[in-house]
Amino acid sequence: MRRSRLDGMVEIPGGEFLMGSDRFYPEEAPARTVRVRPFLLDPEPVTNARFARFVEATGHVTEAERSPDPRRYPDMDPAMAYPGSLVFFPTAGPVPTNRVDLWWHFQAGAQWRHPLGPGSDLSGLDGHPVVHVSFGDAAAYARWAGKRLPTEAEWECAARGGLSDQDYAWGSDLAPGGRMLANFWQGSFPFRNDLLDGWERTSPVGTFPANPFGAFDMIGNVWEWTADWWAVASGDRPTAPACCIPENPRGGTLRGSFDAAMPGVKIGRRVLKGGSHLCAENYCRRYRPAARHPEMVDTSTSHIGFRCAADLPNERSKR
């Protein structure tokens, strides 16, 4: 593992790898060979302490701290136009796992400084990933830091750590020998968390082992924003010759990323990667490098964070 001079970032060697999976959720298929150039990546998600320095230096106000504009949301009750963010609270017992409204609650006053709402703060959480950040908040931090957000392909390449066609970032078993290698949900989601990994919500970055590239928390803890618009791949697994392997592939388009289930809302969706501390075997088995999820760019929650990437000096002219 080599460390860059750029703020302790690690160098991801890039190269060819099998992106996606044919074994889990349909939006991950088809598995296909792609190629990415070498790049730099933050070894951990951005923490509350680092984000606080950014806010102090710039005066940045996150989207969760601003009242939403009802004109952007045709079905929104204007009385709901107050600052806040989505917070997870476990249910008292078993519930249908398609009723996300039973555990996700839009909490007035929830934001990065108050992750569970106005009565909470960041005491003891300096080293935890910052949450309640929208895509715009993450992109603003990256610009301030002289970096950028990783593409989906870059992120997945880094998460795989050089392993080929494995379900998990560390191999073929979720918990090899019973060992917890990431912060995810053990037990019956959304009501019983057995805490075998030791954490109910986020954990300090670096709590679990780094992968072979020197990157921590690529799986679990918090979902992470990427730079790509959401798109669903289609067709059979490609069999392109080596000369035609996609290099540095990108996602879809703004218009193509709109949610067809919400035709009145024209807000783009970006790709999230990595899963979070809420991913469980009975729900959202997305604690894997191939896993992906669409999220509207203005949305913030108690389980979404980010990390930054950067070009290697000799690769910048090729982008």
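**View 1. Ser134 caps the N-terminal end of helix H2.** A side-chain oxygen of Ser134 lies 3.3 Å from the backbone nitrogen of Gly136; a polar contact is a pair of N or O atoms within 3.5 Å, where, within protein, one must be able to donate a hydrogen and the other to accept it, and residues adjacent in sequence count only if both atoms are side-chain atoms. Just after H2, Gly146 takes a positive phi of about 75°. The model is predicted, so that local features need pLDDT of at least 70 and side-chain atom pairs count only at pLDDT 80 or more, while totals for chains, interfaces and linings use all residues. Residues are numbered from 1 along each chain as its sequence is written, and side-chain values use heavy atoms, with hydrogens and water left out. Helices (H or I, at least four residues) and strands (E, at least two) are DSSP runs, numbered from the N terminus.

**View 2. Helix H2 is largely enclosed by the rest of the structure.** Of the ten residues in H2 (residues 135-144), seven are buried, where buried means under 20% relative accessible area, exposed over 50%, and partly exposed in between (1.4 Å probe, protein chains only). These buried residues are Phe135, Asp137, Ala138, Ala139, Ala140, Tyr141 and Ala142, and they pack against helix H1 (48-58), strand E9 (223-229) and strand E10 (269-273).

View 3. Phe135 counts as buried at 12% relative accessibility, and Trp225 is buried with a relative accessible area of 0%.

**View 4. Phe306 is among the residues that touch the most other members of the largest nonpolar core.** A nonpolar core is a set of buried Ala, Val, Leu, Ile, Met, Phe, Trp, Tyr and Cys residues joined through side-chain atoms within 4.5 Å. The largest one has 55 residues, of which Ile12, Leu41, Phe51, Leu149, Trp225 and Phe306 touch the most other members. Helix H2 gives the most to this core, with six residues. Leaving aside neighbours within four places in sequence, Phe306 is in contact (heavy atoms within 4.5 Å) with residues including Pro45, Phe51, Ala138, Tyr141, Leu149 and Trp225.

**View 5. Three strands form an open sheet in the order E1-E4-E13, with antiparallel pairing.** Two strands pair if DSSP finds at least two bridges between them. Strand E1 (10-12) and strand E13 (309-311) stand at the edges, each with a single partner strand, so one side of each is left without a neighbour in the sheet. Three bridges join strand E4 (residues 39-41) to E13, and in E13 the bridge partner of Leu40 is Ala310.
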